[in-house]
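Below is a walk through one protein model, sheet by sheet and helix by helix. Keep the sequence and the structure open while reading.

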Amino acid sequence: MRSVYTVGQLNAYIKNMFTQDYLLQSLFVKGEVSNCKYHSSGHIYFTLKDPKGTINCVMFAGNRSGLSFRLEQGQQVVVGGTVDVYERDGKYQLYAKEIILDGSGLLYEKFERLKRELMELGMFAPEYKRPIPKYIKTLGVVTADTGAAVRDIIQIASRRNPYVQIILYPAIVQGEAAPESIVRGIQALERQGVDVMIVGRGGGSIEDLWAFNERQVAQAVFDCSIPIISAVGHETDTTIIDYVADLRAPTPSAAAELAVADIREILQTISGFADRLNGLMDQRLRAQRQRVQHLEKLLKMGSPFGRIREKRTLCMNLEERLQERIQGILKNKRNELALYTERMKGLSPLEKLNSGFSFVADLRGNNIRSVSQVEPGEALRIHVRDGVICAQVTGKEENR
């Protein structure tokens with residue numbers, strides 16, 4: 001008899017065949033995305049097709065780390081994963097573990113991968129951004145020496161400030177030699193010591209701009225000690241060096257405006273500063289004049305000559321007062337002396353003698369005041385106003 005199998009047994013057998021096929025366990029398939037659905041569970045269901053066929057695909061939520069962009073209808077992608085059978089339905093499908101964009105999409109995937117890597121290294125961090133100087137003397141430009149970009153930069157920079165020196169490094173900006181040429185240009189202008197640097201080119205496709213997405217160019221921009229303005233393509237174009245540079249300009253023309261200050265604004269600013277400075281100087285001079293006048297008054301009041309004159313005047317006043325005081329004292333003393341003189345005259349023996357009185361003394365000079373002090377025959381001397389009378393006691397009488 002013939003062997004009869006159940007549907008489940010057949011599906012299991014086919015699944016086992018798929019499992020044992022090494023090629024089907026790890027392969028990459030490219031095609032166009034169709035019927036893409038994001039399930040609420042986090043799984044992604046879609047169909048991959050090309051002109052000759054279709055295959056159902058699923059990416060489970062646990063493998064979503066292998067997808068760096070949003071999967072959408074019509075995208076050309078390369079899907080890496082495993083082909084296996086879903087036993088219940090008896091259908092085989094591609095279980096995706098990694099999805100990358102095909103063609104230009106591959107470049108975009110490479111761009112995103114390098115962007116994430118450099119971001120994790122901190123090369124986009126704002127603390128590493130150098131400020132763009134407001135006023136510069138020299139402007140370095142790394143770009144092709146032909147094309148609209150360099151013409152726009154030179155024209156706008158010269159119009160805004162004709163005194164700024166522009167130093168151009170004619171770099172290759174497209175092709176395999178471009179990254180190394182751009183790096184040499186950045187390093188050469190850094191050695192030249194320019195004040196600020198513009199690195200960029202005109203617009204183009206992602207392939208045309210790819211040199212500015214290379215790691216070595218990003219590293220050169222990050223390592224440069226001169227502030228760098230990136231100016232690659234048009235406003236909608238974005239490259240790796242836009243994130244690494246100190247400032248990103250939407251176009252080369254805008255970069256020239258950001259790098260070079262308008263000479264008219266500079267002159268207006270200088271004129272405003274000059275007016276303000278003159279006003280402040282006039283105000284300061286007036287204040288200093290008032291201060292000097294005040295100090296002159298204080299100096300006159302406190303000068304040694306003024307103090308000497310003041311003290312001399314005080315001395316003269318004190319001298320006059322002293323003289324008046326001395327004269328007053330002398331006058332009083334003279335008056336007292338006159339009074340004492342008059343009194344002394346009344347007590348003076350000479351005055352008494354002049355009045356007719358006499359002074360009697362013995363030969364020893366003792367004053368004879370009583371008759372008991374003499375004896376008859378004793379010699380006496382009688383002092384009168386105009387001389388001395390020598391006498392002898394002949395007798396004495398006592399008052400009764």
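**Strands, helices and their contacts**

Strand 11 and strand 12 (residues 379-384) run antiparallel and are joined by four bridges. Two strands are said to pair if DSSP finds at least two bridges between them. Helices (H or I, at least four residues) and strands (E, at least two) are DSSP runs, numbered from the N terminus. The model is predicted, and local features need pLDDT of at least 70, side-chain atom pairs count only at pLDDT 80 or more, and totals for chains, interfaces and linings use all residues. Residues are numbered from 1 along each chain as its sequence is written, and side-chain values use heavy atoms, with hydrogens and water left out.

The link from strand 12 to strand 13 is a hairpin through two residues. Together these strands make an open sheet of three strands, in the order 11-12-13 with antiparallel pairing. Its edge strands are strand 11 (359-362) and strand 13 (387-392), each of which pairs on one side only. On average, neighbouring strands of this sheet are turned by 25° against each other, direction ignored.

In general, strands of a sheet pair through backbone hydrogen bonds, either parallel or antiparallel.

Five strands form a barrel in the order 1-2-3-5-4, and the pairing is mixed. From one strand to the next, the twist averages 55°. Helix 1 (residues 7-20) packs on the sheet and touches strand 4 (76-86) and strand 5 (91-101). The direction of helix 1 makes about 135° with that of strand 4. Such axes are lines fitted to C-alpha atoms, for helices over the stretch in contact, and the angles run from 0 to 180 degrees between N-to-C directions. Contact means heavy atoms within 4.5 Å.

Val 33 has Leu 48 of strand 2 as its bridge partner. Leu 101 is in strand 5. Leu 101 counts as buried, at 12% relative accessibility; buried means under 20% relative accessible area, exposed over 50%, and partly exposed in between (1.4 Å probe, protein chains only). Leu 101 and Gln 76 are 25 residues apart in sequence, yet their C-alpha atoms are 6.0 Å apart in space.

Next come two helices. Helix 4 (residues 148-160) has 13 residues and reaches 18 Å from its first C-alpha to its last, close to the 18 Å expected at 1.5 Å a residue. The expected span is 1.5 Å times one less than the number of residues. Which residues of helix 4 are buried? They are Ala 149, Val 150, Ile 153, Ile 156, Ala 157 and Arg 160. These residues cover an arc of only 145° around the axis, which puts them on the same side of helix 4. The arc is that of the directions from the helix axis to the C-beta atoms. On the other side of helix 4, Arg 151, Gln 155 and Arg 159 are exposed.

Helix 5 (residues 178-192) has 15 residues, which should span 21 Å at 1.5 Å a residue; its end C-alpha atoms are 21 Å apart, in agreement. The buried residues of helix 5 are Ala 178, Pro 179, Ser 181, Ile 182, Val 183, Gly 185, Ile 186 and Leu 189. Their cover includes strand 6 (138-143), strand 7 (165-170), strand 8 (196-201), helix 6 (215-223) and strand 9. After helix 5 comes Gly 193, whose phi is positive, near 80°.

Strand 9 (residues 228-232) contains Ser 230. Ser 230 is buried, with a relative accessible area of 0%. Leaving out residues up to four places away in sequence, Ser 230 touches Val 199, Ile 241, Asp 242, Ala 245, Leu 247, Arg 248 and Ala 249.
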